[in-house]
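Here are my notes on this one, as numbered points. Have the model open while you read.

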Amino acid sequence: MKFLSIAFLLMVSPVCFGLVVLQYHHVSDKTPSSTSVSPDLFEQHIRYLAENNFNVLTADEFADSLTFEKSLTDDKSVLITFDDGYDSVLTEAHEVLKKYNFPYVVFINPSKVGSKGYLSLKELQQLEGDGATIANHTWSHPHLIREKPSETKADWRLRVTEEITKTQQFIEANFDSKIKLFAYPYGEFNQALAQLLEQLGFIGFSQHSGAIGHFDNRQALPRFAFGGNYGVMSDFRIKVNSLPLSVARVDIRDKSGNLLYEPLLTEGSSTPKVTIQIQNNGSHPKNLQLSCFASGIGSIAVKKIDSTTFETQSPKPLPVGRSRYNCTATSKLAGRFYWLSLPFYKKNEDGSWYPEY
């Protein structure tokens, strides 16, 4: 078992497929820019999917696509998701999606349902009646990987389990969908969370980017988040057309060479060294070259060890907060890129957590 985000390797297959999950929060000009796309830009996104013959999946079709028996043959498939259940999903996004007959998923926190700026239960039921799936985003949107002071591991597990199961009970009591999809608040997860999610029967989504491949862990699937500077049409076209980098192995090590098994970086691991081995299955160009980038740092050097193995490492410590390594490569298909993302979280130097945001 290697790094959680991709290297559980639960679904290794000799063939890649392209399945991109889009993540939105607000569709508005009046909400925080970092988590918002304008109504006009959102409509451009959706129109692009329609005009370029993307296969927009229902939640059930998405879940089916993760099995070998019903894997996609189409490499232009998309799942559209919204986090938090903000009211702009109804006032701005819904009519656009309805116009093109596109299904989508809304991840909700029941403690917020009906509050100012959030959809009411009646409104969510209206959306479901028009093709939306309502899914689990915890009851109160906490940072799940943060243990409370004096909280034991058993106490933490009990609290987190209640956040998830209480929400699912609300969903099953008020909506028709039985599909168990879960989005981690803030995208933050660790092994214990992913294993709990698996035991509870959920498919899970984080917020590291990239297309989904058969190698991805069903409890920590990537999504492309749009808001702020992310989502202008040039950026959207690249991301929605991305393909999964077909990896055989990913090792992540600290400065002493010890394997890292969690996204949370500890002392001595703030410049993680990553070794990526590509599957030699004929889906990639023979002269494949990776380009990698680190959050807050920019381009980082990539060393090619042999025809299928690459190493990369940030020359500087990753910043406090949520960050990632993103690695891309040109595909055989014109204008399309393979994409691999590895998420990391880093506390403040004194061991405290970075601020809520």
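1. One term before anything else: buried means under 20% relative accessible area, exposed means over 50%, and partly exposed is in between (1.4 Å probe, protein chains only). With that cut-off, Phe-344 counts as buried at 0% relative accessibility, and Tyr-325 is buried too, with a relative accessible area of 1%.

2. Ground rules. This is a predicted model, where local features need pLDDT of at least 70 and side-chain atom pairs count only at pLDDT 80 or more, while totals for chains, interfaces and linings use all residues. Residues are numbered from 1 along each chain as its sequence is written, and side-chain values use heavy atoms, with hydrogens and water left out.

3. Back to those two rings. Rings of Phe, Tyr and Trp (its six-membered ring) pair if their centres lie within 6.5 Å; planes under 30 degrees apart are stacked, over 60 edge-to-face, and the rest tilted. Phe-226 and Phe-236 make a tilted pair, with 5.4 Å centre to centre and 55° between the planes. Tyr-325 and Phe-344 are edge-to-face, at 5.2 Å centre to centre and 70° between the planes. Helices (H or I, at least four residues) and strands (E, at least two) are DSSP runs here, numbered from the N terminus.

4. Which parts does the Phe-226 and Phe-236 pair tie together? Phe-226 lies in the loop between strand 10 (224-225) and helix 7 (233-240) and Phe-236 in helix 7, so the pair joins parts that are 10 residues apart in sequence. Phe-226 and Phe-236 are both buried. They also belong to one aromatic cluster, together with Tyr-24, Phe-42, Tyr-48, Phe-54, Phe-82 and Tyr-104. The structure holds 21 aromatic pairs.

5. The criterion is NZ of Lys or CZ of Arg within 6 Å of the ring centre and within 35 degrees of the ring normal. Lys-76 lies over the face of Phe-54, at 4.8 Å from the ring centre, and Phe-54 is one of the cluster members. Arg-146 lies over the face of Tyr-354, at 4.9 Å from the ring centre.

6. Two strands pair if DSSP finds at least two bridges between them. Strand 19 pairs with strand 20 in the antiparallel sense over 10 bridges, and Arg-322 stands opposite Tyr-345 in strand 20. The two strands form a hairpin with six residues between them, and Gly-335 in the turn has a positive phi of about 75°. Strand 15 (residues 291-294) also runs antiparallel to strand 19, joined by four bridges, with Ser-291 opposite Thr-328.

7. There is also an open sheet of four strands, in the order 12-14-18-17, with antiparallel pairing. Its edge strands, strand 12 (247-253) and strand 17 (302-306), each pair on one side only. Strand 17 is joined to strand 18 (residues 309-313) by four bridges, running antiparallel, and Lys-303 stands opposite Glu-311 in strand 18.

8. Now helix 6 (residues 191-199). Its buried residues are Gln-191, Leu-193, Ala-194, Leu-196 and Leu-197. At the start of helix 6, a side-chain oxygen of Asn-190 comes to within 3.3 Å of the backbone nitrogen of Ala-192. Just after the helix, Gly-201 takes a positive phi of about 85°.

9. Tyr-186 is another, with phi near 65°. Tyr-186 sits in the loop between strand 8 and helix 6 and counts as buried at 17% relative accessibility.

10. Last one: Asn-217, in the loop between strand 9 and strand 10. Asn-217 is buried, with a relative accessible area of 0%. Its C-alpha atom is separated by 25 Å from that of Glu-172, 45 residues apart along the chain.

How values were computed: A polar contact is a pair of N or O atoms within 3.5 Å; within protein, one must be able to donate a hydrogen and the other to accept it, and residues adjacent in sequence count only if both atoms are side-chain atoms.
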